[in-house]
Amino acid sequence: MLGFSNGSGGGGVGAEDLAQFQATMRAIELACSYIQINSNPVAAEATILSLHQSPQPYKACRYILEHSQVANARFQAAAAIREAAIREWSFLATDDKGGLINFCLGYVMQHANSSEGYVLSKVSSVAAQLMKRGWLEFTPAEKEVFFYQINQAILGSRGLDVQFIGVNFLESLVSEFSPSTSSAMGLPREFHENCRKSLEQNFLKTFYQWAQDAALSVTNKIIESHSSVPEVKVCNATLRLMHQILNWEFRYSKGGTRASINVFSDGIRADNAFSRKTECVIVQPGASWCDVLLSSSHVGWLINIYSSVRQKFDLEGYWLDCPVAVSARKLIVQLCSLAGKIFPSDNGQMQEQHLLLLLSGVLPWIDPPDVISKEIEEGRSGSEMIDGCRALLSIGTVTTPVVFDKLLRSLRPFGTLTLLSMLMGEVVKVLMANSTDEETWSYEARDILLDTWTTLLASMDGSGGNARLPPEGMHAAASLFSLIVESELKVASASATTEDDADCLASVSAMDERLGSYALIARAAVDATIPFLAKLFSDHVARLHQGRGTVDPTETLEEVYSLLLIIGHVLADEGEGETALVPDALQSHFVDVVEANNHPVVVLSSSIIKFAEQCLDAEMRSSIFSPRLMEAVIWFLARWSFTYLMLVEDCNLGSNQLQSLRSRACLFTFFNEHNQGKFVLDIIVRISLTSLMSYPGEKDLQDSWRNLANAFANDKTLFLLNSVSQRSLAQTLVLSAYGMRSSDASNQYVKDLMAHMTSSLVDLSNNSDLKNLAQQPAIIMLVSCVLERLRGAASATEPRTQRAIYEMGLSVMNPVLRLLEVYKHESAVIYLLLKFVVDWVDGQLSYLEAHETAVVINFCMSLLQIYSSHNIGKISLSLSSTLLNEAKTEKYKDLRALLQLLSHLCSKDMVDFSSDSIETQSTNISQVVYFGLHIITPLITLELLKYPKLCFDYFSLISHMLEVYPETLAQLNNDAFSHVVTTVDFGLHQQDVDIVTMCLRALKALASYHYKEKNTGNSGLGSHAAGHTDPNGVFHEGILSRFLRTLLHFLLFEDYSTDLVSTAADALFPLILCEPNLYQGLGNELIEKQANPNFKTRLANALQVLTTSNQLSSSLDRLNYPRFRKNLNNFLVEVRGFLKTR
């Protein structure tokens, strides 16, 4: 016995034990004090760790908890009880398990009035974790004993402090049973899921009822008091617990069985149907909760208690943000999102009554909007109004627009949509009045209300046009949209006088999400909004014409810019790779229009096209169309034409109402091939060409550019610029050649620009005294500057200038090799040389003919040989720690450059624009890459692979090499091959999904190559795949056996993204085919480890099905890979739940 068989008492401790306990307590207290003052923390942590790791430390921990005056020591004692109990649970007697829980519960209740709340929270948390650990073992009677004392505490029979502790314990318990917040216990995931299921089905509702009862027991005292009372703390805790319970992800109370488990990672809730900024969790607890949440007047009580206290403390502004007020509002908002089978099948009547009751309680928070907004601007807290907006969002999430609008009509002379419009209109007015960069309550309210509109209207927008808002709702949407447009135009107009373009709200990318929501509001009332936009646009165009030459048009131009963005979003959606259909709302409305010229969408579109056409006139273009406005015009025409131009009518008709067909025909045929389509297309093409030719840059800028290029080529003054500026300047000057009228002119310009750079390197390398001359600081600076310029030019390679840049690199090949030898001890110059070659090869290789490619390959081979022969990449272990770190950094940069070079060489096999095949010259890229691997792999350490960029480049190369040249890797010597294998194993266990994916692809290529080669009678990986015994008699597995074992362990026991399963299946399948006996042995080993007979049977069956079901055969063909992917996914779903522990 451990002395914990009951909740109190000393258990008969002897003098010797007492002395030991006192010594342990003093040691822990001293260690905690040392940690607090940061004195000898290592020894102090070791002392605490020894307590945690000691066997059965329960009596000592109990003694510390009951007698220590140091709070941190008591905290550590509680933590040690938890750690030891979880570790030793299977060896503890049943009485001792219950005794530990009873002690923890008794302790927190006995010390409920303690000021050291974090200690009590820790002990309470330990009790919750131990209760969960024994949950599936404890009988219902044993659980009843535990919960009886909790219930008694929550009812308040032992005082407010104990009542608070009881509620706090249930918070800890619910948190432990929730998958996203549970503590690790080293148990199968199925254990956690079974505990979750049991709590949800048998206890969660009971806990909620206890919290209700506890809240009821204290609310009268709170209402009657005129100041803060202790009962507030209990009330806040109960409200918090109820909110936590409703936030539970209900799986087993929805009327169906949902036994599947996310076996790859802890689940993430995905309640939101649409992308939005505001979180809204739908609560679906099932029919069994109806009596607790709906039939018991619980909602009415909650609203009344909040309203009563709110009214009582109305003059005290701080009350709105006090914890109990915040918790109450959170619970009310959460109840607004109640949905599912908790409501009976009565055509939604009970749900409407429920939401109406909640809405009546929320109304004072948000109505009247203008009064509340004014109070907030005068200093009142905006938190209550924000929560009111959240309540509307929750209601909108679980209802249709029609039901949403109807709710308010029994309380106000208008519908909920009108209130929503008024509320957002008031928020927009505040935003217009307070044009500041600081985000206030109005920004948050706007985002929440926009999400509400989006939630209500998004499904309607894709419903085929059959669903419409009620007339009053349409009017509300139209009024709101008008105000929104006014607001956006005001912002646009104001931006015309600001100099900071970085934060310009008229940016398409910055506004896109918000404009999408605005478009939904506009489409909900297209009968009003489309004519409104047409008139507004025409008025702005008329204003531009009236003020030509006399009035500064900048503000109007900015407003037209903003209008084009808004109209573009209203008329058309972004295609996202597919043809965007005409929005349903625009198809199904305007049913009375039979003449195409009178269709509002045609009128609006035509007015913008006619306005855009005016830019073809040179005089109009110079006076009205700025480059910024043309940006918006081109953007609009591109988006609009993707949807409307050259429409094929039948492809968009869908299944809408028949009466709209004639109107739709007008819209669809007006811009098609047989009507105005060709004419409009011609206009758009001419506008595009005019834009390209009319805005090439300013003439003064061209003259300055010419002077800059001349100075760059001939003047040494610019050598004073830093290295980054040298490279950027060269890149920019070379890129400018792309705008010249002919390819010959572009190439000649680049040759003239870079001629001085190349000749200076050639002359220097031919100097007979190069070794001495090269070490002079001035020469090192010159070489560095020239290399930076060459690198900048190489990175600017375009098809038009490729020939000139190729000849530039060709002319300095020998100087580069010569300088590599001379500067072997100058790491900075070596790096510049390598980076120039990397950028040059990257830009050139895909364009080169076979004989030119051979020249580049031979040059790269020579460069690698020189780099290797001078041991440039190696580090001396005799360096000091500072110099060693500097050497590692230099080595990292060199190796990354070489990896990039080898990767660029490999790309020739994938991207080749040359006219003949590389094979015609027998150029073997794999040989130079093979040689490069021999050089690089010994230098790539696991320490260096912790550099993310180097790691990515390395595994990109290895993955590509194994997929394209597996036979080349097989030729590596044992040391180099072993090093590659070690790094792949390292990569498999990285957090970066891309790195793991590349390693899995490498394994697939390696195993597939070996399997196919063996089937054709060849050796495949040969000795690398076969196991061997070293001189010491130790057996070493072959590479494929090693990775089969590693990959199985990875899939069964480690955490990873589900995105990796298919890639892992493609690697595992050939590994199993290569090593069938090992796979069988590993399977048997796993089966034997299972102590549970049920798990044994399930695992054995799953392993059998993995390699036999779904018509799987032993062929690595296109049919078998997807079959095995499906098998593996089913296998993991079946077994990871009990194999993977948490």
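Predicted model: local features only at pLDDT ≥ 70, side-chain atom pairs only at ≥ 80, totals over all residues.

Reader: Why is Tyr 1056 called buried?

Author: Its relative accessible area is 7%, and the limit for buried is under 20%, so Tyr 1056 counts as buried. You'll find Tyr 1056 in the loop between helix H46 (1039-1053) and helix H47 (1061-1074).

Reader: What does the side chain of Tyr 1056 reach?

Author: That side chain reaches the backbone oxygen of Leu 1051 at 2.7 Å, and a polar contact needs N or O atoms within 3.5 Å. As for Gln 991, it sits 65 residues away along the chain, with 8.3 Å between its C-alpha atom and that of Tyr 1056.

Reader: And His 1010: buried or exposed?

Author: Buried, because its relative accessible area is 9%. His 1010 belongs to helix H45 (residues 993-1015), and its side chain reaches the backbone nitrogen of Leu 1021 at 3.1 Å. Leaving out residues up to four places away in sequence, His 1010 touches several others, including Ser 1019, Leu 1040 and Cys 1074.

Reader: What makes Met 693 exposed?

Author: Its relative accessibility is 66%, and exposed starts over 50%, so Met 693 gets that label. Met 693 is in helix H30 (residues 677-694). Together with Met 646, Leu 681, Val 685, Leu 689 and Leu 692, Met 693 forms a nonpolar patch on the surface, with about 590 Å² of accessible area in total.

Reader: How many aromatic pairs are there?

Author: The count comes to 25 aromatic pairs. In one of them, Phe 203 and Phe 207 have ring centres 6.1 Å apart and planes at 35°, so that pair is tilted. Phe 203 is buried at 18% relative accessible area, and Phe 207 is buried at 0%.

Reader: Why is the pair of Phe 1069 and Tyr 1121 called edge-to-face?

Author: Their ring centres are 5.9 Å apart and their planes stand at 80°. Phe 1069 lies in helix H47 and Tyr 1121 in helix H50 (residues 1120-1139), so the pair ties together parts that are 52 residues apart in sequence. Phe 1069 and Tyr 1121 are both buried.

Reader: Which residues do ring pairs link into a cluster?

Author: Trp 135, Phe 147, Phe 177, Phe 203, Phe 207 and Trp 210.

Reader: How do you know that Arg 1098 forms a salt bridge with Glu 190?

Author: The closest N and O atoms of Arg 1098 and Glu 190 are 2.7 Å apart, and the limit for a salt bridge is 4 Å. Arg 1098 lies in helix H49 (residues 1093-1106) and Glu 190 in helix H9 (residues 189-202), so the pair ties together parts that are 908 residues apart in sequence. Glu 190 is buried, at 14% relative accessible area.

Reader: How many salt bridges does the structure hold?

Author: There are 39. Among them is Glu 66 with Arg 62, whose closest N and O atoms are 3.3 Å apart. Both lie in helix H3 (residues 58-67), four residues apart, about one turn of the helix.

Technical notes. Residues numbered from 1 in each chain as written. Heavy atoms only, no water. Patch = residues over 30% accessible without salt bridge, like charges linked within 9 Å, V, L, I, M, F, W, Y side chains within 5 Å. Areas by Shrake-Rupley, 256 points an atom, 1.4 Å probe, with all protein chains shown as cover. Salt bridge = Lys/Arg side-chain N within 4 Å of Asp/Glu carboxyl O. Helix = DSSP H or I, 4+ residues; strand = E, 2+ residues; numbered from the N terminus. Buried < 20%, exposed > 50% of the residue type's maximum accessible area, 1.4 Å probe, protein only. Polar contact = N/O pair within 3.5 Å; in protein donor to acceptor, adjacent residues only side chain to side chain. Contact = heavy atoms within 4.5 Å. Phe/Tyr/Trp six-rings, centres within 6.5 Å; stacked < 30°, edge-to-face > 60°.
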